[in-house]
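Trainee: Could you go through this one with me? I'd like to begin with the whole chain and then go into the details.

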Amino acid sequence: MTAVSVRAHLESLFSLEGRTAIVTGGSSGIGLAIATSLALAGATTALVAREETRLDDAVRQIRAAGAEAVAVPGDLSSRDGARAAAEAAVLAVGEPDILVNSAGINLRPPLDELDDDVWDATMGVNLEAPFVLGQRFGPAMASRGFGRIISISSQQAHRAFVQSGAYGVSKAGLEGLARSQAEAWGERGVTSNVLVPGFVLTALNRRLASDPERVEALAARTVVGRNGVADDFAGVAVWLASTSAAYVTGQSIAVDGGFSVH
Ligand SMILES: NC(=O)c1ccc[n+]([C@@H]2O[C@H](COP(=O)([O-])OP(=O)(O)OC[C@H]3O[C@@H](n4cnc5c(N)ncnc54)[C@H](OP(=O)(O)O)[C@@H]3O)[C@@H](O)[C@H]2O)c1
């Protein structure tokens with residue numbers, strides 16, 4: 001066997017050179033960490049979110065690190081919005097090889113106070129947008145023989161937690177969607193997997209994160225002894241997006257410091 005350099009080996013396993021990625025929620029938190037990591041691994045990456053200032057800052061940050069990214073303003077709270085965002089992203093970077101569904105909302109009213117509007121808004125962004133984007137991009141990926149769909153669910157897909165009823169339901173649905181996508185397009189080179197965070201210190205948790213006692217108690221529930229940070233998702237996303245993860249599909253992979261096994 002000829003000697004292979006460490007660099008060549010790592011590139012053959014994980015390089016995303018020549019790939020195109022769309023990351024929803026790419027302007028903040030977990031989505032931004034994943035978008036940055038995919039871009040640095042070689043993928044031309046479109047970031048989709050509503051607020052343009054944050055999107056532009058995110059793109060500037062990725063470009064300053066030496067990678068290529070494009071801002072695509074879009075609102076995923078309706079099916080038409082998701083369809084429009086998909087086409088805008090394709091105009092910006094072309095058809096994607098990699099789709100990351102990280103955009104999400106957690107409105108948190110307990111079930112007693114949960115009305116139709118909160119239910120619909122939660123399902124719209126967290127579940128229906130990944131469905132619409134999957135229908136737009138999954139079959140096209142399959143026809144090209146390669147595709148990677150990575151969705152971000154939550155430990156709340158598996159257990160009730162701090163009374164945020166609709167949120168956990170939407171995330172449980174998202175994990176089911178990924179399994180169906182894996183089955184539908186698996187034989188044609190498309191994988192669909194889910195990353196399952198525990199408690200991650202991002203803007204989504206601003207309110208909870210301002211209570212040091214709660215933050216400490218949540219860290220104590222992990223086995224690692226700390227809460228998550230967005231960069232904990234950077235490596236696993238590149239791996240799932242790469243050719244080396246071709247035989248991993250339909251999985252919900254906890255990235256939670258052991259929260260789910262404690
Ligand atoms: N942080 C945690 O502890 C945790 C735990 C479990 C699961 N998660 C999941 O991880 C994912 C990322 O969360 P995060 O913590 O990184 O949150 P974050 O920092 O609040 O980021 C959320 C992203 O989603 C975008 N977004 C929200 N609504 C949108 C809409 N209608 N259309 C388009 N984009 C929209 C936001 O941008 P705009 O507001 O500008 O649109 C932002 O880029 C979410 O799906 C969340 O449910 C997070």
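Trainee: Among contacts between residues at least 6 apart in sequence, what percentage join residues at least 24 apart?

Mentor: Keeping in mind that this is a predicted model, 72% of those contacts in the chain join residues at least 24 apart.

Trainee: And how many helices and strands are there?

Mentor: The chain has nine helices and seven strands, and its radius of gyration is 18 Å, close to the 18 Å that the globule rule gives for 262 residues, so the chain is as compact as a globular protein of that length.

Trainee: Switching to G25, where does that lie?

Mentor: G25 is in the loop between β1 (20-24) and α2 (29-40).

Trainee: Buried or exposed?

Mentor: G25 has 26 other C-beta atoms within 10 Å, and because 20 or more count as buried, G25 is buried.

Trainee: What does it touch, leaving out residues up to four places away in sequence?

Mentor: On that basis G25 touches G31, A49, S102, A103 and G104.

Trainee: Now the ligand: which residues come nearest?

Mentor: Of the 30 residues around the ligand, the nearest are G25, G29, R50, E51 and G104, while the shell as a whole divides into 12 nonpolar, 14 polar and four charged residues.

Trainee: Which element gives the largest share of that shell?

Mentor: That is α2, with three residues.

Trainee: Last topic, the largest nonpolar core: how many residues has it?

Mentor: It has 62 residues, and V48 is one of those with the most contacts inside it; leaving aside neighbours within four places in sequence, V48 is in contact with residues including I22, V23, V72 and A85.

Conventions: Residues numbered from 1 in each chain as written. Predicted model: local features only at pLDDT ≥ 70, side-chain atom pairs only at ≥ 80, totals over all residues. Helix = DSSP H or I, 4+ residues; strand = E, 2+ residues; numbered from the N terminus. Buried ≥ 20, exposed ≤ 12 C-beta atoms within 10 Å, placed from the backbone. Contact = placed C-beta atoms within 7 Å. Near = placed C-beta within 6 Å. Nonpolar A, V, L, I, M, F, W, Y, C, P; charged D, E, K, R; others polar. Core = buried A, V, L, I, M, F, W, Y, C linked by C-beta atoms within 7 Å. Rg over C-alpha atoms; globule rule 2.2 N^0.38 Å.
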